[in-house]
Amino acid sequence: MAGTGTSPLNRAEQFIWLTARVLEQRRFAHHFLRGSADAVETALAAFRNEDGGYGHALEPDLRGPVSQPLHTAHALSVLDSIARCDGLRVERICRFLTDVSTKEGALPALLPSQRGYPAAPFIPIVDDPPAELLVTGPVVGLLHRNAVWHAWLFRATDFCWSAVDALEVSHPYEIEAAVAFLDGAPDRPRAEAAADRLGRLVRDQRLVVLDPTRRAEYPVAPGYAPGEQHFPYDYARAPESLARRWFTEAEMDRALDHLAAGQQADGGWPVTWRQWAPGTALEGRPLVTLRALQTLHAYGRGLN
């Protein structure tokens, strides 16, 4: 029976059943209700295309059926969350990644095949898109963390190292992508040294809200929506992340208190990025809610 209590998890469950796509419902059930991983994978398969990539608005800000790196990165994160990053399923994805990579052997954010389908105005569609750490970093880190071997990883890993080493002025989402790469990179001493440098950059450039009670004093990155700020838990989604070392216990506790308090009356958490269409906002909130629940759970915050 569905939870009907007033705990954060019960309220989130009601929100998920009310608003979420089947995939997010299955993910919630797997993570918090002992649901089947098979059911998650079956729901995810509906977004897969014959080319091995994923489309069909798996990433809600990109509509239409065509496969895109952002969708495929999202699919990999779902497979990772259910311990299914192996075998033919990942071999098929890696073939797609190879086919769509730039001359550097890395991933663009958006292929020109998106043209003609609705897409968020803040994700530009260009004919010859450049490789980006924003997409490549999380994919490479995740594959390394799952001990995946594929020829695509060699040049893609080199690209990520070069991109991370070159970071001097950045923005929160790019730093998140760098952390996702570093958390899985095989060269642990190099990853730790790079993470230490990025932690200083994040604090020096004020890319993180360290005191939620003084949120208005922290700048919003250029091009971001009003209030689209980032907190310690956005960089360190779990205690074992290298980014956890960037913050004191007090700073992380304040941030997690802020995250827990962000649950809204309907049981879900709000979307902070720019909302440009009703459907994308509706589909985005369950994703944000799942992420909030997983982060709070990872840090041992009670949900029941």
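Q: Where is Arg206 found?
A: Arg206 sits in the loop between helix H9 (188-204) and helix H10 (232-235). Helices here are DSSP runs of H or I, at least four residues, numbered from the N terminus. This is a predicted model: local features need pLDDT of at least 70, side-chain atom pairs count only at pLDDT 80 or more, and totals for chains, interfaces and linings use all residues. Residues are numbered from 1 along each chain as its sequence is written, and side-chain values use heavy atoms, with hydrogens and water left out.

Q: Why is Arg206 called partly exposed?
A: Its relative accessible area is 36%. Buried means under 20%, exposed over 50%, partly exposed in between (1.4 Å probe, protein chains only). Therefore Arg206 counts as partly exposed. Arg206 also has a positive phi of about 55° although it is not a glycine.

Q: What makes Ala57 count as buried?
A: Ala57 has 7% relative accessibility, so it counts as buried. Ala57 lies in the loop between H3 and H4. Its phi is near 60°, a positive value in a residue other than glycine.

Q: Why does Thr72 count as buried?
A: Its relative accessibility is 0%, so Thr72 is buried. Thr72 lies in helix H4. Among the residues that Thr72 touches are Tyr54, Ile93 and Phe96. Contact means heavy atoms within 4.5 Å.

Q: Why is H3 called roughly antiparallel to H4?
A: The axes of H3 and H4 come within 10 Å and cross at roughly 170°. That makes H3 roughly antiparallel to H4. Angles over 145 degrees count as roughly antiparallel, under 35 as roughly parallel, 65 to 115 as roughly perpendicular and the rest as oblique. Axes are lines fitted to C-alpha atoms, for helices over the stretch in contact, and angles run from 0 to 180 degrees between N-to-C directions.

Q: Which residues in H3 and H4 meet?
A: Val40, Glu41 and Leu44 in H3 meet Ala75, Val78 and Leu79 in H4. The buried residues of H3 pack against helix H2 (22-32), H4 and helix H5 (87-100).

Q: What is the nearest side chain of opposite charge to Asp61?
A: That side chain is Arg63, 6.7 Å away. A salt bridge needs a side-chain nitrogen of Lys or Arg within 4 Å of a carboxyl oxygen of Asp or Glu. Asp61 is buried yet has no salt bridge.

Q: With which side chain does the side chain of Asp61 make a polar contact?
A: The partner is Trp276, at 2.8 Å. A polar contact is a pair of N or O atoms within 3.5 Å; within protein, one must be able to donate a hydrogen and the other to accept it, and residues adjacent in sequence count only if both atoms are side-chain atoms.

Terms used: Lys, Arg positive; Asp, Glu negative; His and termini not counted. Helix = DSSP H or I, 4+ residues; strand = E, 2+ residues; numbered from the N terminus. Lists of a residue's contacts leave out its neighbours within four places in sequence.
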